[in-house]
Amino acid sequence: MKATSAVVTGAAHGALLLFMIFLVFPLVWMVSTSFKPTQEIFSGIVSLLPETTSLEHYRTVFQEQKILSSMVNSFYVGIFSTVLVVLIALPGAYALARYSTRWNNVALGWILGSQIFPVILVLIPLYLLLRMMFLTDSLVGLTLVYVVWDLPFVLWMLHGYVRSIPVEIEEAATIDGATRGQIIFRILGPLLLPAIGASVLFAFVSAWNEFFFALVLMKSPDLMTLQVELARFTGMEGQARTGPLAAASVLATVPSVLLFGFLQKWFASGLVAGAVKN
Amino acid sequence: MNKRSQNRRTGGQLKLLLPALIPVFLLSLFPLLRGVYLGFTDYRLGETIRFNGLDNYARMLHDVYFWQSFQVGFIWTIVVTAGQVLLGLCLALLLHRKMRFTSIYSTLMLVPWAMPPIIRGIVWRQVYDPDTGILNALLVRSGLIHQNINWLSSFEYVIPAVIVAGIWGEIPKAAVFLLAGLQAIPDDLYEAARIDGAGVWKEFTRITLPMLAPVMAAVVSLSFMWNFNTFGIVWVLTQGGPGGLTRLPMLAAYEEAFRYGYVGYAAAIGNVMVVIISIVLFGYLRVQLKENRS
C-alpha cells in the first residue's frame, strides 16, 4: 500500500512538472531570447540560457521612437481611463449596494448581458459615432471607450465591497451632518481602499492589454498603443526584429503579471468559488 | 414603505448611478442596438444606410468565405474548449491533492493567463518560427523531421498549431474555476465513500464528477462564449491565413467591415454570432435550472 502511494505521488509530481513546463516554457523562452545577442538568436544553437547576456534589445526598445511612444500612449490611456472609471463607479456601486430597487436587476442584467454580444457589434457603431464626434484616432476617444468597457466589472466588484461595510458607520456620519458625497468619498473611500486598489489594477491592465478597439480606432502611427504597435511589429518587419520584439513583449507583460500576483490571494481564498456558485 | 418614499429612494439612487449610466447608454447600449440594426442594412462606409431586411443573411447562404469562417470557428471553439476543460480538469485534480510545492505550481500555472493576448500570440510565433523557433530545432535534433516546417503558413499544420496555442492560453482559467469547484466538495462525502470501500475510480465517478457538474457546465459554456469571440491571438499568429484557413468569425467580421467596407454585412455576421452564443447560454441556463430544482 505504501509503495503504491509513493508511486502515485511520484507520477502526480511528474505530471504536474510536465504541465508547468508546457505552461511556463514559452514565456521563459521569450525572456531568454530577449537577453540573447542577435547573432546568437540566429546561430541555430538552441539553449535555454543565453551564452552571452546582452541588453542590446532593451536598449533598442528604448531608443526606438515608435515603441517608446506607444508605451507612453498606453500609459496615458490606462491611467486616465482607470481614474475615470473608479470615480464614476464609486457612487454607482454605493447606489447599488445601499438601495435595493429595480435598478439593481437592470444593472445586473446589463453586466451579464453585455457578455453575450461579440465586440464587433458594439465596435462598428461606436466607430461611426466617435468618427462623428471627431474622436476616432484620438487618445481621448479611446480612453472613453475603455472607461465604458471596464465599468460593469468595476461597478460589480466595488458594490460587493460596499455591501460588506456596516451601514451604522454612515448613520453616525449623517448625524454629524455629512453629505452623501462626503460619505462616499471621505468615509467609505478609505475603507474601500483594498477594493479600489484591485479595481485600479484591473482597469489599468485591461486598458493596457486591450487590442481590438485600439486596432480599429487608432490610425496615426504616433498615437498607436503598445499592443497594436507590437502586433504590427510581428507582421511587417519579420524575424529580423525577433530580439527587440521579445524585449518589448517582456516589458509589456510586466503590469499584467503584477496584477495577477495581487489577484493570487483571491484565487486562493475561494472568492472564485463563490462567484461560480452564484 | 409607501409609494412616495419608494420613488424618492429610486430617485436618490438614480442620481448616484447617473455618471455611470450616461456613458454606458451613449457608448455601449446605444451602439449595441444600432449594431444589431445595421445587420439588417446594406450600409457601406461613407454611403447612406438602407434597410434591406434579410438580404445579408440570404447572401451568407451563398458566401463560401462565411461558411469557411464559421466552420473553422466551430472547430476552433469546440477543440479549444474541450482541450482547456480536460487539461484544466487534470491540472485541477493534481493540484487538489495538496502535495509539496502545490502553491508554487498554482501560481506558476497562471502565467499564460497573465500575459496580454497579443503577447501570447507573439510568444507562440517565436516558438513556431521556421528558422529560429524552438519547435523545429527540437524536432530536427531528435530526428523526427529533417526539414524545418513553416507551421503557420502550412495548410496542413496551421489549424492544429493555432489550436495548441489557444488551448495553452486558456488552460489556467479552466483550472482555476475547476479547482475552486473541487475545493467546495465537502470532505465527509469522500470519507463516507471510503468507509463503504469505494475505490479511487468509483470516488471520482460517483462523487467528484457529479458534484463538479454545475461548475463544469459554467466553465464549458463561458469558455465556449469566449473562444467563439477570439480575435487577438489568432490575428497575431496568422492574420486569418494561409488562404483564410484560420479566419475565425471575428476576423471575418473585422475584415468585412474595416478592410472591405461592408459594414452592414459585418454586423450581420455579428448577429449570427449572438444567436449561436445565445443558444449555448440558453442550454446552460436550462441545465442550471434543472439542477436547482432537483
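The structure is a predicted model, in which local features need pLDDT of at least 70 and side-chain atom pairs count only at pLDDT 80 or more, while totals for chains, interfaces and linings use all residues. Residues are numbered from 1 along each chain as its sequence is written, and chains are lettered from A and ligands numbered from 1 in the order in which they are written.

Chain B holds 13 helices and 0 strands, where helices (H or I, at least four residues) and strands (E, at least two) are DSSP runs numbered from the N terminus. The radius of gyration of chain B is 24 Å, well over the 19 Å that the globule rule gives for 294 residues, so chain B is more spread out than a compact globule. Here the radius is taken over C-alpha atoms, and the rule is 2.2 Å times the number of residues to the power 0.38. The C-alpha trace of chain B spans about 80 × 70 × 35 Å along its principal axes. Of its 294 residues, 41% count as buried (20 or more other C-beta atoms within 10 Å of the residue's own, with C-beta atoms placed from the backbone).

Turning to the core, the largest nonpolar one has 146 residues, and A:Ala89, A:Ile124, A:Val145, A:Leu151, B:Leu178 and B:Ala266 are those with the most contacts inside it. Such a core is a set of buried Ala, Val, Leu, Ile, Met, Phe, Trp, Tyr and Cys residues joined through C-beta atoms within 7 Å. Helix 8 (residues 158-183) of chain B gives the largest share of this core, 14 residues. Domain 1 (28-63 + 237-278) and domain 2 (69-225) of chain A both contribute residues, so the core lies between them; these bounds come from an automatic or database domain assignment.

The contact between the chains takes 78 residues from chain B and 71 residues from chain A, two residues being in contact if their C-beta atoms, placed from the backbone, lie within 7 Å. On the chain B side, helix 1 supplies the largest share, 19 residues. B:Gly35 lies in this helix (residues 3-38) and is buried, with 26 other C-beta atoms within 10 Å. Leaving aside residues up to four places away in sequence, B:Gly35 touches A:Leu121, A:Val122, A:Ile124, A:Pro125, B:Ala267 and B:Gly270.

Key. Buried ≥ 20, exposed ≤ 12 C-beta atoms within 10 Å, placed from the backbone.
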